[in-house]
Amino acid sequence: MSIIGFIGLGNMGGPMAANLVKAGERVLGFDVVPASRDAAARDGVQIAGNAKGAIENADIVITMLPAGEHVLSVWNDVVPHAGQGTLFIDCSTIDVESARKAHKLAAERGIATLDAPVSGGVGGAKAATLTFMVGGSEHAFARGKPVLERMGKRVVHCGEAGNGQVAKICNNMILGVSMIAVGEAFVLGEKLGLSHQAMFDVVSASSGQCWSLTSYCPVPGPVPASPANNGYKPGFAAALMLKDLKLAKAAADSVKAKTALGTQAAEIYDHFAQQGHSGDDFSAIINLVREQSKARS
Ligand code: NAD
């Protein structure tokens, strides 16, 4: 049994920490929000009085926080109090620059680190079926992998420090763009008289096939489990998609990569969020496409 310090017990961190407890680990957790601490305590997480208390005797420390500024602030606060053999793993989705800064600040104190953002959402966190995209040394990866496997079904080593975040934002940039493309195709088909089912039957077996269509179809009917059948309740909220597209844009700018479609997808989701839809599932973007298409006819 390892001792695992877990900081950030929110929608994702809460169930991830609970799965570590179920797997027989001793988990010492902390969150700034009392309700998150209480929920984690009900799942068997021992609650520490503060972040330092959660990490002091830990073999492994996991953070699952909203953004880069939170991760850097927490790591700056707790890394100096960690034992030399501790491994720090950040599972949050954050900007590549902050992820690399976090690795560096720990490395300066001889502490091993991984960035390990996830895909799979809250459902995957609860079911322990997340995919982890991991950046860091081979040695740190070998140590962290068994713990990550207790919370997920796939753990992929992506290379050096920060590369987990690179893989994550590249994946979500493809997802954001492809969901808009699928939405545009359905709306175009609707306006030209093609049924949703006929569109699905053809495209799902043709070269336009993609996850946004076949697993997460943005119209009700063809894929019964998709959020479109449930009033576009997330799922993966538009606000989180916007966050990831902005991270991809910032990363692209930092290395002068041209990502025209990723940039436009960020603008489209920004507009959608500003219309009050940030809490809708990201596949609801089809409703914006439909509304804008009405305005044009
Ligand atoms: P969340 O807001 O539910 O959880 C974050 C938690 O961190 C909150 O409970 C908050 O109180 C806590 N926190 C903030 N600052 C803190 C501090 N200084 N010390 C201790 N706790 C602190 O967010 P979430 O949905 O759990 O997402 C966490 C991360 O995972 C984000 O980076 C997000 O982008 C990423 N992610 C989320 C999803 C999803 O579907 N929700 C999917 C993949 C990745």
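Helices here are DSSP runs of H or I with at least four residues, numbered from the N terminus. With that in hand, here's a quick tour of a predicted model.

- H11 is the top contributor, giving 6 residues.
- Sorted by class, the lining holds 12 nonpolar, 2 polar and 3 charged residues.
- Domain 1 (3-160) and domain 2 (166-296) each supply at least three of the lining residues.

**The loop between H10 and H11**
- Most residues other than glycine have a negative phi, and most peptide bonds are trans.
- Pro-234 and Gly-235 are joined by a cis peptide bond, with omega at about 15°.
- Gly-235 sits in the loop between helix H10 (211-214) and H11.
- Tyr-232 is found in the loop between H10 and H11 too, and its phi is positive, near 60°, though this residue isn't a glycine.
- Tyr-232 counts as buried because its relative accessible area is 12%, and the cut-off for buried is under 20%.

**The loop between H11 and H12**
- Lys-256, also not a glycine, has a positive phi of about 55°.
- You'll find Lys-256 in the loop that runs between H11 and helix H12 (260-277).
- Is Lys-256 buried or exposed? Lys-256 is exposed, since its relative accessible area is 77% and exposed means over 50%.

Note on methods. Residues numbered from 1 in each chain as written. Predicted model: local features only at pLDDT ≥ 70, side-chain atom pairs only at ≥ 80, totals over all residues. Heavy atoms only, no water. Helix = DSSP H or I, 4+ residues; strand = E, 2+ residues; numbered from the N terminus. Nonpolar A, V, L, I, M, F, W, Y, C, P; charged D, E, K, R; others polar. Domains from an automatic or database assignment. Buried < 20%, exposed > 50% of the residue type's maximum accessible area, 1.4 Å probe, protein only.
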